[in-house]
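Here is a briefing on a predicted model.

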Amino acid sequence: MSHADYGIIGNKGATLSYQAGLRAKWTDVKKKLVETKQVDPRTCINFFASAHFTVDPGKQNAMQISYSRRVRRPAYIGLSPYLTFSDSRNFFSGNPDLNPEFTNAYEIGHLVSYDKRSISSALYYRDTKGKIERNRSVALRGNRQPGLTIL
């Protein structure tokens, strides 16, 4: 179960416009493995801020800067500890202890407008904590055939 609240405020002036927001998300999840009777309750509250500013001096140029915090939660298949076989050498198993990954995204851009066209450029930086990645390994068997394990 999860609940979220959010708010956004913004304004546009002659040369400056802005928009800022905050989202709060409360999550209450309980994982239960029936065979092992293992229960893993997880309750958390996360905050996600965003801010966007544009300076437009009116000479066909505009500068933009933005920040946002994002979340990527693991999919169900990534949490399942059971093996899934696609053939005799390829199988997949998830990790029930995976946590979501959080990203802080920054961007600065420039926009030049002409009569019927515009050109934009941007630089961005993303900093991700707790990145969810797939681990692959090759298992050599007695007949030296490789096997693929995705963890």
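Strands (E, at least two residues) are DSSP runs, as are helices (H or I, at least four), and both are numbered from the N terminus. The model is predicted: local features need pLDDT of at least 70, side-chain atom pairs count only at pLDDT 80 or more, and totals for chains, interfaces and linings use all residues. Residues are numbered from 1 along each chain as its sequence is written, and side-chain values use heavy atoms, without hydrogens or water.

**Largest pocket**
- A pocket is an open set of points on a 1 Å grid over the protein atoms alone, where a 1.4 Å probe fits, with protein on both sides within 12 Å along at least five of seven lines; lining residues have an atom within 4 Å of a point.
- Of its 25 lining residues, Val29, Lys31, Arg42, Leu79 and Pro96 are the closest to its centre.
- β2 gives the largest share of this lining, six residues.

**Second largest pocket**
- Its volume is about 330 Å³.
- Gly78, Leu98, Ile132, Glu133 and Arg134 lie nearest its centre, among 16 lining residues.

**Strand pairing**
- Strands β7 (residues 101–113) and β8 run antiparallel, joined by twelve bridges; two strands pair if DSSP finds at least two.
- They form a hairpin with four residues between them.
- Ala105 stands opposite Arg126 in β8.

**Confidence**
- The chain averages a pLDDT (the predictor's confidence in each residue, from 0 to 100) of 85.
- Among the elements, strand β10 (residues 146–150) has the lowest mean pLDDT, 44.
- Where pLDDT is low, the predicted coordinates should not be read in detail.

How values were computed. Grid points are joined across faces, edges and corners, and a volume is the space filled by probe spheres set on the points.
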